[in-house]
Amino acid sequence: LTTGGHFEAAVLEKELAAFKHTESALIFNTGYMTNLGVLYGLVKPVDVIFSDELNHASIIDGCKISKAKVKVYRHASAQDLERLLEEDKTAGNRFIVTDGVFSMDGDIAPLPDLVKLAEKYNAILIVDDAHAVGVIGADGSGTAAYFGLQGKIDLQVGTMSKALAGEGGYVAGKKIFMDYLINKSRPFIFSTALGPAPVAAARAALDLLRENKNG
């Protein structure tokens with residue numbers, strides 16, 4: 001926040017943004033901390049979060065610390081989500097949060113339906129792609145690519161400790177979100193940043209992933 005990051009981090013953020021087909025990306029020190037930081041930084045107590053019942057623990061904890069109202073919809077049920085969205089009368093913002101690939105069951109979120117609902121009800125869609133990157137999508141970039149929805153997801157959370165075999169986490173989306181998180185996300189501001197070595201390792205792993213997928 002006050003002194004900027006090192007060269008390796010800046011380059012990796014640009015590479016992650018390009019890989020996820022977004023404007024910008026921001027690195028956190030863990031994937032768990034990324035979900036906490038995104039939800040804490042963006043969501044206000046007057047807002048409402050709509051969360052899949054089988055979301056990862058980091059999303060559940062992020063919802064708790066945001067102090068917003070949380071409405072849990074049945075797993076992967078766009079119908080139940082729409083019912084809750086229709087009932088909601090909040091004056092704040094709506095956030096739909098889901099895993100892309102669910103960590104325990106291995107099934108995939110109904111992303112096309114969620115995108116339609118986010119557009120219909122003016123909600124911000126956040127997808128945790130920790131278990132999707134390197135696994136699905138023609139280029140290995142995850143759920144959005146798998147469904148051909150690049151550019152349709154507001155924020156994509158990821159980790160560098162799964163397919164990238166390292167450590168750290170990141171969020172990718174519009175630059176205005178990244179700028180806001182840098183200044184408002186306490187888990188980002190008050191945590192020790194990743195050093196150059198794990199960031200360089202993540203860049204090398206990302207290069208290998210792209211080379212193998214393109215090959």
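A residue is termed buried when its relative accessible area is under 20%, exposed when that area is over 50%, and partly exposed in between, with a 1.4 Å probe and protein chains only. The model is predicted, with pLDDT of at least 70 required for local features and 80 or more for side-chain atom pairs, while totals for chains, interfaces and linings use all residues. Numbering starts from 1 along each chain as its sequence is written, and side-chain values rest on heavy atoms, with hydrogens and water left out.

Helices (DSSP runs of H or I, at least four residues) and strands (runs of E, at least two) are numbered from the N terminus. Helix α2 covers residues 31-42. Of its 12 residues, 9 are buried, namely G31, T34, N35, L36, G37, V38, L39, G41 and L42. The end C-alpha atoms of α2 are 17 Å apart, which agrees with the 16 Å that its 12 residues should span at 1.5 Å a residue; the expected span is 1.5 Å times one less than the number of residues.

Grid points are joined across faces, edges and corners, and a volume is the space filled by probe spheres set on the points. The largest pocket holds about 650 Å³. Its lining comprises 30 residues, with G4, G5, E13, L26 and F188 nearest the centre. Two or more lining residues come from each of α1 (7-19), β1 (24-28), α7 (175-184) and α8 (186-189). By class, 16 are nonpolar (Ala, Val, Leu, Ile, Met, Phe, Trp, Tyr, Cys and Pro), 5 are charged (Asp, Glu, Lys and Arg) and 9 are polar (the others, Gly among them).

The second largest pocket has a volume of about 200 Å³. It is lined by 14 residues, and G151, K152, I153, D154 and K174 are the closest to its centre. Elements giving two or more residues to this lining are α5 (111-120) and β5 (123-128), with α5 giving the most, 3 residues. The lining of the second largest pocket contains 5 nonpolar, 4 polar and 5 charged residues.

Strand β5 includes I124, which counts as buried because its relative accessibility is 19%. Beyond its neighbours within four places in sequence, I124 is in contact (heavy atoms within 4.5 Å) with R94, F95, I96 and D154. I124 and N212 are 88 residues apart in sequence, and their C-alpha atoms are 33 Å apart in space.

Definitions and conventions:
On a 1 Å grid over the protein atoms alone, a cavity is a set of points where a 1.4 Å probe fits but cannot get out, and a pocket is an open set with protein on both sides within 12 Å along at least five of seven lines; lining residues have an atom within 4 Å of a point.
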